Amino acid sequence: MKTFKKIFDFYINSSIHVAQAVAALVKLTLLKLDITTVQGDIFVGLSFMATVVGYNFVKYVKVANLYHSRLTRSMKVIQAFTAICLVVLLYLVFQLTWTAILYAIPLLVLTIIYAVPVFPNNKNLRSIAGIKIFIIGLVWTGITVIIPVIYSEKEINFDVCIEILQRFIFVVVLMLPFEIRDLQYDARELGTIPQRVGITRTKVFGSILLFIFLLCTPFKNDLSSLEIIVSIVITIICLLFLWGTEKKQSEYFCSFWVESIPILWLGIWIFLQHLIC
């Protein structure tokens, strides 16, 4: 059991799980917009590698700088794994079109200044009050919707714009349980939503966002029964997790179960697609 826990902790701490969640959302975008190109499938792998590198950079850059000579064995393994992912990522980047690369640059810049203090008083984007989850929502939306569409050379039409809005809302809601979890650890200066309005009102805010998410679905021009059913199911699942979130929670509630929702969303879509079609 100890060995299994070590492997599982590495799976979580090395950002493999969150990278799978991002890759699942990319694949979901390709399926929903009927993008069946080889380029689209390549971008699924690219998004996985980019998430591992990006998240580990954000989480561990300060730790690595402060304790480089005394890093634990697990941290060194994570560093090595991240380095391998970076090499693969750089190779896959050269498979992108120049247009996709240009659209990816702002997301890269956001990721860097999110973690690195570039503002006065040694501040980064993460430390600016009230914007953390919206920056994450913007980056995830860009990676999982905007760039795959551009990379696959598909037109950004009204349906794609609705998808962009829904994905942003979904990611912001997905971050709320993390903000509730971190309420006891976050500095007051961060001004997170639970800090500003409390846990109950945060859940109400997330519920309103999910209602908007669901309400957007019927406005799509290319609307199917599959889209409607899956949107309802994933909204209910998100509501259950949101209202089931407590300040004191199990170790893996957010880091595994909440981050599994995008993977579950993809699984439900594929299952019902085969069942209905």
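## Packing of H2 against H7

In this predicted model, helices H2 and H7 are roughly antiparallel to each other, a label applied to angles over 145 degrees, whereas angles under 35 degrees count as roughly parallel, 65 to 115 as roughly perpendicular and the rest as oblique. H2 spans residues 16-32 and H7 residues 158-181; the two pack at an angle of about 155 degrees with their axes 13 Å apart. Axes are lines fitted to C-alpha atoms, for helices over the stretch in contact, and angles run from 0 to 180 degrees between N-to-C directions. H2 passes H7 in a right-handed crossing; the near helix is then turned clockwise from the far one by less than a right angle, and anticlockwise in a left-handed crossing.

On the H2 side, Leu25, Leu28, Thr29 and Lys32 make the contact, and on the H7 side Glu163, Arg167 and Phe170; contact means heavy atoms within 4.5 Å. By class, this contact has 3 nonpolar, 1 polar and 3 charged residues. Ala, Val, Leu, Ile, Met, Phe, Trp, Tyr, Cys and Pro count as nonpolar, Asp, Glu, Lys and Arg as charged, and the others, Gly among them, as polar.

## Packing of H2 against H12

H2 also packs with helix H12 (residues 261-276): their axes come within 7 Å and cross at roughly 35 degrees. This crossing is left-handed. From H2, residues His17, Gln20, Ala21, Ala24, Leu25, Lys27, Leu28, Leu31 and Lys32 meet Pro262, Ile263, Trp265, Leu266, Trp269, Ile270 and Gln273 of H12. The residues of this contact divide into 11 nonpolar, 3 polar and 2 charged.

## Nonpolar core

The largest nonpolar core has 67 residues, and those with the most contacts inside it are Trp140, Phe170, Ile234, Ile261 and Trp265. Such a core is a set of buried Ala, Val, Leu, Ile, Met, Phe, Trp, Tyr and Cys residues joined through side-chain atoms within 4.5 Å. H2 provides the largest share of this core, 11 residues. Isoleucine 261 touches Phe170, Leu174, Ile234, Ile237, Cys238 and Phe241, not counting residues up to four places away in sequence.

## Loop residues

Serine 15 lies between helix H1 (2-13) and H2 and is buried, with a relative accessible area of 0%. Aspartate 34, between H2 and helix H3 (38-66), is exposed at 62%. Buried means under 20% relative accessible area, exposed over 50% and partly exposed in between (1.4 Å probe, protein chains only).

Glycine 191 is found in the loop between H7 and helix H8 (193-197) and is buried, with a relative accessible area of 8%. Glycine 191 and glycine 130 are 61 residues apart in sequence, yet 4.9 Å apart in space, C-alpha to C-alpha.

## Overall organisation

The protein has 12 helices and 0 strands; helices (H or I, at least four residues) and strands (E, at least two) are DSSP runs, numbered from the N terminus. Of its 277 residues, 48% count as buried. Residues 24 or more positions apart account for 76% of the contacts with a separation of 6 or more.

## Basis of the values

Residues are numbered from 1 along each chain as its sequence is written, and side-chain values use heavy atoms, with hydrogens and water left out. As this is a predicted model, local features need pLDDT of at least 70 and side-chain atom pairs count only at pLDDT 80 or more, while totals for chains, interfaces and linings use all residues.
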